[in-house]
Amino acid sequence: MFSNCSDPSSLDGLAWFACYLTNGKHMAFYGSFGVVMVLLLITAPAALAFGFGGAMAARSPFLPLRLIGKAYSAMVRGIPDIAFFLFVPFAMDQGLEWLRHHARCPDWDAPIRQGNDFVVCAAAKLPLSSSPQWVHETYGFFMAVFAFAVVFGAFAANVLYGAMRAVPRAQMETAEAYGMSDRQAFWRILVPQMWIYALPGLSNLWMILIKATPLLFLLGVEDIVYWAKELGGAKTTIYAYPHDDWRLYYFLGLLVFYLGLTRISEALLGRLTRNLSHGQATMGGEAQRKAPA
Amino acid sequence: MKKLILTTAALALTSGMALAESHGMTVRMGTEGAYPPYNFINDDGEIDGFERELGDELCSRAELTCEWVTNEWDSIIPNLVSGNYDTIIAGMSITDERDEVIDFTQNYYPPASSAYAALDGDVDVKAGVIAAQTATIQAGYVAETGATLLEFATPDESVAAVKNGEADAVFADKDYLAPIVAESELVWAGTDVSLGGGIGIGLRESDTELKAKFDAAITSMKEDGTLNAMLIKWFGEDIVTY
């Protein structure tokens, strides 16, 4: 980055650090913070959507749908995250390649499964072997988003299911008395009121999601923990910037980042709780009602 | 959800079509990027090391377009067989167990010694706590010697465990440990052990064509002496050459 960085061995003190902290590897490290934030911001709504769908299915009057909803939430919650993360992206990737293989190489006669190998024609590879590396990385990233969304969606489904049942029955009866259909009562009465009951559970999930991002590396996405480990490890003189084991300092940096993120999340969730409590038949809502205007 | 999968598939199908024709054969080279001087991520964030230089040379001799990718050691074989990359060139020793799952080219690095490094040269390597990287031939060997095996995901962590006293010694490829012993307080301990059948490029068993290409390229590098020059450049004069 700086012009005097071309020969790091001649530097010392601050100049060495200035060069060290701005080398290509550190730039990738700083970039990975963005990757993690983007992942969180995409995954959270996606997981919520999965959860909402799961909860709706679980309380559906139609039996098969109800079973699907319950099975989804029970199965995914029961499987260890790490097993799920090793399985889902692989299975999904192979499933998509299998579809593409049949669509694009119909006259290919070799079997797809050859012993341990999974072999599809070159045109069916996803992404194509010839695609640039960033395409592969983006693909891996969205695989990760999908896997996270499925896992956290199952937990969210359970939370939302509970929240839907927590809305006082009297509210729904009143809606029926006004002549609303089931659908109308669900969307106009139940959904707006359930969030306050769901929020504590959802905020826990959000916190867990923040800390679960190192699982990304299993999918080949280089996240902040990977880079901290890689950069912090002791370096011999084969590297331009040799140093001892500095993982402690890098992990302290991550600690500050994660604690900061938690603090900000708590502040925002606190505000959200206040807003959602407004007019609710909960202790929080009651306290707001009694407080002098 | 089904709809989502179908849409993604449809999108992927259409977007891939335009790209398919214009490129030749690209081989994706999978490595660990954490095992200097074999392979490591240099300070510019690029993959570097003996295997990078060797791999690029082999690709140009075999007239292949190569793209480098890093993958965690733990899942390096599953990702190969499911087709996320086409080769493993990551200091992987040829062993019978691995050969059952994947194929290897002939070795491009001769069978070499593994060694113990410790803070104290007199440590009993057959009885103490020995650190090694998980799923390596060294880890397998330690488990058989009667010492207590302490496994780590990366080679760097196994060395750090000795420095901070968690393990009595680390057992790894001698050429990986050599620069570390030269530059830190670690010293050699015990006696060297010869393990494995050298290092080769790992390939899917179904990829016989690619294997033949790499085998031919390695043979040509062995014959004209460029491989020996490369070995000496990265591992010093003491390395066993062809």
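In this predicted model, strands β2, β3 and β4 of chain B form an open sheet in the order β2-β3-β4, with antiparallel pairing. Its edges are β2 (34-35) and β4 (47-48) of chain B, each of which pairs on one side only. Between β2(B) and β3 (residues 39-41) of chain B there are 2 bridges in the antiparallel sense, and B:A34 has B:F40 in β3(B) as its bridge partner.

Strand β1 (residues 26-31) of chain B takes part in parallel pairing with β5(B) and with β6(B). The table lists these pairings.

| Strand pair | Sense | Bridges |
|---|---|---|
| β1(B) and β5 (residues 65-70) of chain B | parallel | 6 bridges |
| β1(B) and β6 (residues 87-88) of chain B | parallel | 2 bridges |

Within these pairings, B:M29 lies opposite B:W68 in β5(B), and B:G30 lies opposite B:I88 in β6(B). Of the 6 residues of β1(B), 5 are buried, so the strand is largely enclosed by the rest of the structure.

In chain A, helix α3 (residues 63-78) comprises 16 residues and spans 22 Å from its first C-alpha to its last, close to the 22 Å expected at 1.5 Å a residue. Its buried residues include A:G69, A:Y72, A:S73 and A:V76. Because they cover an arc of only 85° around the axis, these residues lie on the same side of α3(A). An α-helix has 3.6 residues a turn, so residues three or four places apart point the same way. The buried residues of α3(A) pack against α2 (24-58), α4 (81-104) and α5 (133-166) of chain A. On the face turned away from the buried side, α3(A) carries the exposed residues A:L63, A:P64, A:M75 and A:G78.

Key
Residues numbered from 1 in each chain as written. Chains lettered and ligands numbered in written order. Predicted model: local features only at pLDDT ≥ 70, side-chain atom pairs only at ≥ 80, totals over all residues. Buried ≥ 20, exposed ≤ 12 C-beta atoms within 10 Å, placed from the backbone. Helix = DSSP H or I, 4+ residues; strand = E, 2+ residues; numbered from the N terminus. Pairing = 2+ DSSP bridges. Expected span 1.5 Å × (residues − 1). Arc of directions from axis to C-beta. Contact = placed C-beta atoms within 7 Å.
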